[in-house]
Amino acid sequence: MNDENALDEHSPPIVSSIGGNLTIEATIDQMPRVGLSRGGWLALVLAFFFANYDIAVFPLIIPGVKENLGLESADLSWPVMWNLIGYCVGAYFIGRVADRAGRQKGLFLTFLVLGLGGFATGMAWNVESLSLFRFLAGCGMGAVIALCSGYIGEMAPRDRRGEYLSRIYLIGMVLNLVCGLVSLPILNGLHTAGWRLLLMFGGLVLIVLPFINSRSLPESPRWLVAQGRVDEAATIVRQMQRNAGVDPSEGFAETRRADPGESSLRALLRKPLRRRLAIVLGYWFIFYIAMYGVVSYLPLILEGVGIQMSQALEISAYSRVAPIIAAVMVALLIERIERRTLIVAGTLIFAAGVGLIMTGGNTLGAVGALVAAYGVGTMSAPAFMYTAEVFPTAQRGTGTAICDGVGHLGGAVAPFIVLPLLAGPGGYTTCAVVIVLLLVSAGIIRMGDRTKNRDLDAISR
């Protein structure tokens, strides 16, 4: 029995709504734009900004943390490790909440945990408290990007899902670059208090919570339909139509819904979803080994191929601009090129950049670092959108959170691969291993399903 027949065998029941020409899902897909208010868009931009803010600012505050708390470099491995563990824990449990209790509750919980974790981390007094609070922040970080990507995908027309996500992602990256530049004078001017203020600023993600309401970030109509709450979904869709400048529909055609009592995890582990889970999770896990290995230790890798450390640090700083340039390109192309193609292209560009670094020399090393960073910027938004698109509505929160959250275990593995290679065989061997990992990850995601300009229900079958 093939996967398609296996899915038909478990076909969900049909729930009737008021008669009409289009189902609720098809009505959303036919809208000229996403039917969210300005408050909703502001909330999503802030969510993506704060989700990446903590990751961007933490490397900058390490010197202040070490000095203020009296830590050795080895002590910092604990808060980093517990942050990644929290990433995995939060991704799964908050993703489950989003599937079982609704997207609004999942978003509320992830913003709340991330905000409290940010404030608490800024008040840490020793390595133990720092590790605990980093774990808490990690629980929020593990689900926020995955859930927001899925939410945008469910609220957007099928031919504009990637476009809207890439725009929000781009704005968030620009804001984080600005914050990185502003952070330096704060750290230099305030010394002991600077790192605390920067971490506590991340806690301001709590300002997004009031936007989770029926006007700004309403419940996902697709999720409501999957739960059989068709009338509630219809009310929200009509409001979305008004926001999009479309006359509200008087009624909607019959629509299918998934069994609300079905376990998200159980469904993910049977055909055809287990294949998709294996492909997307496999891609993220292997890619994150390579990405964290290069991003976290780029100065050491550059030094390992013969570039002086002072120049290596400059190259690392300048390379942060490249993902923003790539994100602009992706925003223009994401609805014209298949998601898988952009993901593979970005991953291979990343590999090509590492190959240039292998040649040694300041010029090619700098170019290689820029090309590698450009590759990361190319694959990011398409990969997050693709991860959300390949899972059905009933399992989307859990599936996307597992793939990105558990995939981050690759980041935890990276130091145990990269650092011994740098200490032993050296920078050239390290670059070669990273290239192999990137080629493998590109091959894995290439086996995935096509998703561009397809309605979510069709992708699920």
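Which side chain meets that of Arg-396 in a salt bridge? In this predicted model, which uses local features only at pLDDT of at least 70 and side-chain atom pairs only at pLDDT 80 or more, while totals for chains, interfaces and linings use all residues, the partner is Glu-154, with a distance of 2.6 Å from N to O. Residues are numbered from 1 along each chain as its sequence is written, and side-chain values use heavy atoms, with hydrogens and water left out.

A salt bridge is counted where a side-chain nitrogen of Lys or Arg lies within 4 Å of a carboxyl oxygen of Asp or Glu. Over the whole structure, 12 salt bridges are found. In the pair formed by Arg-396 and Glu-154, Arg-396 belongs to helix α17 (residues 396-407) and Glu-154 to helix α6 (residues 127-155), so the pair ties together parts that are 242 residues apart in sequence. Helices (H or I, at least four residues) and strands (E, at least two) are DSSP runs, numbered from the N terminus. Arg-396 and Glu-154 are both buried; buried means under 20% relative accessible area, exposed means over 50%, and partly exposed lies in between, with a 1.4 Å probe and protein chains only. Arg-396 and Glu-154 are also linked with Asp-99 and Arg-103 in a network of salt bridges.

A salt bridge also joins Arg-276 and Asp-449, whose closest N and O atoms are 3.0 Å apart. This pair links distant parts of the chain, 173 residues apart: Arg-276 is in helix α12 (residues 273-304), and Asp-449 is in the loop between α19 (427-445) and α20 (456-460). Arg-276 is buried, at 6% relative accessible area, whereas Asp-449 is partly exposed, at 23%. Glu-335 and Arg-339 form another salt bridge, at 3.5 Å from N to O. Glu-335 is buried, with a relative accessibility of 18%, and Arg-339 is buried with a value of 0%.

Two packed helices are described by the angle between their axes and the distance between the axes. The axes of α4 and α17 come within 7 Å and cross at roughly 170°. Axes are lines fitted to C-alpha atoms, for helices over the stretch in contact, and angles run from 0 to 180 degrees between N-to-C directions. The two helices α4 and α17 are therefore roughly antiparallel, given that angles over 145 degrees count as roughly antiparallel, under 35 as roughly parallel, 65 to 115 as roughly perpendicular and the rest as oblique. Residues making the contact include Tyr-87, Cys-88 and Asp-99 of α4 and Arg-396, Gly-397 and Val-406 of α17; contact means heavy atoms within 4.5 Å.

Helix α4 (residues 77-100) also holds Met-81, which is partly exposed at 34% relative accessible area. Met-81 makes a nonpolar surface patch of about 310 Å² with Trp-78 and Trp-82. Patches are made of residues with over 30% relative accessible area and no salt bridge, like charges being joined within 9 Å and nonpolar side chains (Val, Leu, Ile, Met, Phe, Trp, Tyr) within 5 Å. Accessible areas come from the Shrake-Rupley method with a 1.4 Å probe.

Asp-159 is located in the loop between α6 and α7 (161-190) and is partly exposed, at 38% relative accessible area. Leaving aside neighbours within four places in sequence, Asp-159 is in contact with Glu-335 and Asn-453.
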